[in-house]
Amino acid sequence: MENLIKMQLAVNIDREETGILVAARNGIVEMVNEIISKIPSAIHETNSEKKNVLLVAVENRQTLIVEALKNWFEQEKKELIFYNLKLGVDDQENTVLHLAATLPNKGWMISGLALQMMWHIKWFQVYVYDIRM
């Protein structure tokens with residue numbers, strides 16, 4: 001029984017997902033910033049679904065990661081790299097806008113449908129509009 005649980009957990013683990021992608025998926029801003037500052041080429045890493053760090057953050061609704069990436073690239077005067085991340089597509093041809101518009105696997109930690117709907121609208125308007133610009 002215990003082996004079956006371990007096997008089920010192992011199926012959900014993406015073996016090609018690197019530290020920066022795991023940090024982006026889980027919303028760990030400090031780790032993403034540290035990895036980018038120490039290993040700048042890590043920003044171009046993708047997982048088995050060909051999703052870059054921005055696509056992973058948007059897919060998992062990690063607003064702090066999206067803001068941190070945008071601010072970091074603005075401070076470093078490397079907007080072109082952020083622009084290239086925005087243009088990224090995964091193996092299903094999904095862009096940042098596609099991933100932002102899909103319903104998340106897990107809901108927002110907000111009770112009440114009206115508040116969740118407001119947060120979805122805010123997510124799409126603020127973060128996606130800012131990413132598009």
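Me: At what angle do the axes of α5 and helix α6 cross?
Reply: The model is a predicted one. In it, helix α6 spans residues 79–86, and its axis comes within 7 Å of the axis of α5. The two axes cross at roughly 145°.

Me: How many charged residues are in the contact of α5 with α6?
Reply: From α5, the contact takes in Leu69, Lys70, Phe73 and Glu74. These meet Glu79, Ile81, Phe82 and Leu85 in α6. Five of the contact residues are nonpolar and none is polar, while the number of charged ones is three.

Me: Is α2 roughly parallel or antiparallel to α3?
Reply: Helix α2 covers residues 19–26 and helix α3 covers residues 29–38; their axes lie 8 Å apart, at an angle of about 155°. Angles over 145 degrees count as roughly antiparallel. Therefore α2 is, relative to α3, roughly antiparallel.

Me: How many residues in the contact of α2 with α3 are nonpolar?
Reply: On the α2 side are Gly19, Ile20, Ala23 and Ala24, which meet Met31, Val32, Ile35 and Ile36 of α3. Gly counts as polar. The contact has one polar residue, no charged ones, and a nonpolar count of seven.

Me: Why do the buried residues of α3 line one face of the helix, and which helices do they pack against?
Reply: Val29, Val32, Ile35 and Ile36 are the buried ones, whereas Glu30 and Lys38, on the other side of α3, are exposed. Seen down the axis of α3, the buried residues line one face because they fall within an arc of 135°. The helices they pack against are α2 and α5.

Key: Residues numbered from 1 in each chain as written. Predicted model: local features only at pLDDT ≥ 70, side-chain atom pairs only at ≥ 80, totals over all residues. Heavy atoms only, no water. Axes fitted to C-alpha atoms, helices over the stretch in contact; angles between N-to-C directions. Helix = DSSP H or I, 4+ residues; strand = E, 2+ residues; numbered from the N terminus. Parallel < 35°, antiparallel > 145°, perpendicular 65-115°, else oblique. Contact = heavy atoms within 4.5 Å. Buried < 20%, exposed > 50% of the residue type's maximum accessible area, 1.4 Å probe, protein only. Arc of directions from axis to C-beta.
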